[in-house]
Amino acid sequence: MRKPSTIKIGKKLQTIRKSNGYTQEQLAEKVEVSVRYISDVEQDRAKPSYEVLVKICNIFKISLDQVFSEYLTVTENKSLAYPLAGYEKLSEIDKNTIEHLIMYFNKK
């Protein structure tokens, strides 16, 4: 029997954290863990507990399937949410610029 591939979500969690403008220190404080633990999780040296994963998902308003999307066999592409994770924090001018760019590229 073939050994299943190891699930590594550290880089994805790091991308989500950074796209939301959080430092490791800020996330560690919100999740109530050490900075070292966050660093170890992001470097795939430690696996986060379910409690920590749920807290992270709630902080960034994402679902667990977005974290594990590359390992799930679903037909929907959920990867679009990561680049837009900080959208709600943008100024109205920046939001309008992004909306105009999307409309422009959809016309092509």
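1. Contact here means heavy atoms within 4.5 Å of each other. With that settled, a reminder that this is a predicted model, and then on to helix α3, residues 35–42. Its buried residues are I38, S39, D40, V41 and E42, and they pack against two helices, α1 (10–19) and α2 (24–31). Just past the end of α3, have a look at D44, which takes a positive phi of about 60°.

2. How do α2 and α3 sit against each other? The angle between them is about 110°, and their axes are 8 Å apart. Since angles of 65 to 115 degrees count as roughly perpendicular, that is the word for α2 and α3. On the α2 side the contact is made by Q24, E25, L27 and A28, and on the α3 side by V35, I38, S39 and E42. By class, these residues split into four nonpolar, two polar and two charged.

3. Now α2 against helix α4 (residues 50–60): here the packing angle is about 115°, with 10 Å between the axes. That makes this pair roughly perpendicular as well, and the crossing is right-handed. From α2 come L27, K30 and V31; from α4 come V52, K55, I56, I59 and F60. The α2–α4 contact counts six nonpolar and two charged residues, with no polar ones.

4. R17 is worth a click. This arginine lies in helix α1, and at a relative accessible area of 5% R17 counts as buried, because the cut-off is under 20%. Which residues does R17 contact, once neighbours within four places in sequence are set aside? They are Y22, T23, Q24, L27, E42 and F60. Several of these have come up already: E42 is one of the buried residues of α3, Q24 and L27 belong to the α2 side of the contact with α3, and F60 is on the α4 side of the contact with α2.

5. Last, the largest nonpolar core, which has 16 residues. Those touching the most other members are L13, L27, I56, F60, I62 and V67. Each of α1, α2, α3 and α4 supplies at least two residues of this core, and α4 gives the most, with five. As for I62, leaving out neighbours within four places in sequence, I62 is in contact with I16, C57 and V67.

Conventions
Residues are numbered from 1 along each chain as its sequence is written. This is a predicted model: local features need pLDDT of at least 70, side-chain atom pairs count only at pLDDT 80 or more; totals for chains, interfaces and linings use all residues. Side-chain values use heavy atoms; hydrogens and water are left out. Buried means under 20% relative accessible area, exposed over 50%, partly exposed in between (1.4 Å probe, protein chains only). Helices (H or I, at least four residues) and strands (E, at least two) are DSSP runs, numbered from the N terminus. Axes are lines fitted to C-alpha atoms, for helices over the stretch in contact, and angles run from 0 to 180 degrees between N-to-C directions. Angles under 35 degrees count as roughly parallel, over 145 as roughly antiparallel, 65 to 115 as roughly perpendicular and the rest as oblique. A crossing is left-handed if the near helix is turned anticlockwise from the far one by less than a right angle, and right-handed if clockwise. Ala, Val, Leu, Ile, Met, Phe, Trp, Tyr, Cys and Pro count as nonpolar, Asp, Glu, Lys and Arg as charged, and the others, Gly among them, as polar. A nonpolar core is a set of buried Ala, Val, Leu, Ile, Met, Phe, Trp, Tyr and Cys residues joined through side-chain atoms within 4.5 Å.
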